[in-house]
Amino acid sequence: MKLTVLGTSGPFPRPGSACSGYLLESDQTRILLDCGSGVVSRLLQIADVSTLDAVILTHLHFDHCSDIGVLRYAAEASAVRPSIRLLSPGIPGSVLEPFLSGTDVFRHETVSDGTEAMIGDLRLRFSRAVHPVEAYCVRIDSADRSFFYTGDTAVFDGLDGLMRGADLILADSCFSDAQAEAKRGIHMSPGQIALLREKAGVPKVILSHHFGGCRKDAGMPPAPDGCVYAEDMSVYEF
Ligand SMILES: [Zn+2]
Ligand SMILES: [Zn+2]
């Protein structure tokens, strides 16, 4: 599988960057994971919208879904009119309503804890995350590779078990260790993720969703062993 990091910012894009958006590809399948501010511009640098099999929105915070509206316009303008599966939580429904009404380019499916879906040759399984709105982690397995995306979440019991066996993890590292301790139930920190990686026995974690300012300015520590800070437009093959 191949993962392209389209944006690393959250909850708003720092100058020249984009919010959460990641293109996951297997030999047969293309999935866009989250579609925050600035993601469609980045996506169009490397892929035609009509080639997307699905879009997954882990939750409906704007830094993960606000470019769905312009993705719709790009799909409607495509020479080959697509019919893209769009999987998301159902709540808050008012967020997606204007993006979905009056168009046939998306086929919307609501997910819940334990939802499984086949998209092309990839099997997806959603697990409820811990975040201020309904949010999901998603595990994506091919015949011989496994990927896990935390979406936005705080650490919760069993998260290491969900990660176990993954070849690559993409994790929300929005907070510093001190922030994660002070503001529980929202995001994880690099230190927390390093512990999860050890417990799960996972070889590599990409740390993303860097807080609004540049992560270097924000004083983030060096990436822990086995972890790397995501860079915009970086590619990981695994
Ligand atoms: Zn976010
Ligand atoms: Zn969020």
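Mentor: Helices (H or I, at least four residues) and strands (E, at least two) are DSSP runs, numbered from the N terminus. In this predicted model, local features need pLDDT of at least 70 and side-chain atom pairs count only at pLDDT 80 or more, while totals for chains, interfaces and linings use all residues. Residues are numbered from 1 along each chain as its sequence is written, chains are lettered from A and ligands numbered from 1 in the order in which they are written, and side-chain values use heavy atoms, with hydrogens and water left out.

Trainee: Where is M233 found?

Mentor: M233 sits in the loop between β15 (227-229) and β16 (235-237), and its phi is near 70°, a positive value in a residue other than glycine.

Trainee: Is D34 buried or exposed?

Mentor: Buried means under 20% relative accessible area, exposed over 50%, and partly exposed in between (1.4 Å probe, protein chains only). With 0%, D34 is buried, whereas M233, at 25%, is partly exposed. D34 belongs to the loop between β4 (30-33) and α1 (39-46), and its phi, near 65°, is positive although the residue is not glycine.

Trainee: Which residues coordinate the zinc ion (ligand 1)?

Mentor: D63 (OD), H64 (NE2), D152 (OD) and H209 (NE2) coordinate the zinc ion (ligand 1), at 2.1 to 2.2 Å. D152 also bridges this ion and the zinc ion (ligand 2), the two lying 3.4 Å apart. Because D152 lies in the loop between β11 (146-149) and α5 (159-163), and H209 in the loop between β13 (205-208) and β14 (210-211), the pair ties together parts that are 57 residues apart in sequence. D152 is buried at 2% relative accessibility, and H209 is buried at 3%.

Technical notes:
Donors = N, O, S within 2.8 Å, 3.2 Å for Na, K, Ca; no water.
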